[in-house]
Amino acid sequence: MSGFDAESFNTLFLGRLDEPAGIEKANKAGGAYVRLRLREKAVNRGILPPETVTKEDCQRSINHDLLVKIVDIEQNSSASAMNFRSSANVRYINGKRYEIPFWKIASDRFQADEGELLASDYPVTKTIEDQTVRDMDRVEDQTFFEYSWQITDGATGTGKVNTAVGPVDRTFISNCLNVLEDSDELAVDCVVMHKSDWNDWITLPASDVGDQLAGEMVVNGYKYNQIMGHKLIVSIKSMTRASSAELLLGAGTMWFYAAPSYLGNSYILGDVRFYIEKRGSVVSWESWYYRAIGFGNRDAIARGMLT
């Protein structure tokens, strides 16, 4: 973790929370750590990287009490802004521009006794990651891929889905690429694949991937961050839709996205907040930030399903 000293943070967290200066430093260090781990763990951020904005870059909505970012919609496209507060329900907006609201994403408030923390060999940073970061990155990814699902669904969206009998192979991926690229002149930029499908991919015979690459894969594994010329994100996450057992992320579900400039907009308002306090022997902490994501072009997403 470049620029972050986990050992110093553990010492600060456990040894200096009785001092005002220690609390201030712990808040800053905690925010830096959460920000770093969110960037590494939230899958959606690799697809549509967030831009940090300030209050001065935003506008007040005329429809509600939240700050919004007003951005242009791709010509002849339909857009949809994400709602992180309630169940995902895609609403399409047509016109020249749309507003993307900022929603608060927060962890629970966690408490631990000072004695338990001192006695534990488990690093404080890992405790924060397991509890605080996991809560927030799951909210982001669950909402992002639920909207992606509804947008590609045949009943509520574009119907840009390719289905085949598994396991994954070049023909399946090629057909998925064509679902997006043949219809709207949009090139696929990023492919998202679950680790189990990736494991199937690296066992493909030479007839599928070529003799040279097959030989390299036997010796070194698949060491590339691309697949068939496109950026590849491999995730170990599994999450189902709230309304069914269908996998948003998991074995057999793959996603294909156009480049960010064609896909949409992603923002973080200000910085990640981290708050810690100590009352008697009880240490408590929580974290939060404000997030806005919008798909500016619903035609820039395709889904592949293996059965």
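Select Ile227 to begin, and opposite this residue you will find His230 in strand E12, where strands (E, at least two residues), like helices (H or I, at least four residues), are DSSP runs numbered from the N terminus. What you have open is a predicted model, in which local features need pLDDT of at least 70 and side-chain atom pairs count only at pLDDT 80 or more, while totals for chains, interfaces and linings use all residues. Residues are numbered from 1 along each chain as its sequence is written, and side-chain values use heavy atoms, with hydrogens and water left out.

**A second sheet**

Now select E2, E3 and E6, an open sheet of 3 strands in the order E2-E3-E6 with antiparallel pairing. Strand E2 (59-60) and E6 are at its edges with a single partner strand each, so one side of each is left without a neighbour in the sheet. Strand E3 (residues 67-72) meets E6 over 5 antiparallel bridges, and if you pick Asp72, its bridge partner in E6 is Arg97.

**The nonpolar cores**

Next, show Ile47, Phe144, Phe145, Val192 and Tyr257, the residues with the most contacts inside the largest nonpolar core, which has 49 residues. Such a core is a set of buried Ala, Val, Leu, Ile, Met, Phe, Trp, Tyr and Cys residues joined through side-chain atoms within 4.5 Å, and buried means under 20% relative accessible area, exposed over 50% and partly exposed in between (1.4 Å probe, protein chains only). Helix H5 (residues 124-152) gives the most to this core, with 9 residues. Apart from it lies another core, of 18 residues, including Phe172, Ile173, Val191 and Leu306.

Stay on helix H5 and select Met136, which is buried, with a relative accessible area of 0%. Leaving aside neighbours within four places in sequence, Met136 is in contact (heavy atoms within 4.5 Å) with residues including Val34, Leu38, Ile105 and Trp288.

**Aromatic rings**

How many aromatic pairs does a search of the whole structure find? There are 8, where rings of Phe, Tyr and Trp (its six-membered ring) pair if their centres lie within 6.5 Å, and planes under 30 degrees apart count as stacked, over 60 as edge-to-face and the rest as tilted. Phe102 and Tyr267 make a tilted pair, 6.4 Å centre to centre with 45 degrees between the planes, and both are buried.

**Confidence**

Finally, colour the model by pLDDT, the predictor's confidence in each residue, from 0 to 100. The mean for the protein is 83, and 86% of its residues reach 70 or more. Confidence is highest in strand E15 (residues 253-258), at a mean of 97, and lowest in helix H9 (residues 211-220), at 47. Over residues 217-223 pLDDT stays under 50. Where pLDDT is low, the predicted coordinates should not be read in detail.

Definitions and conventions. Two strands pair if DSSP finds at least two bridges between them.
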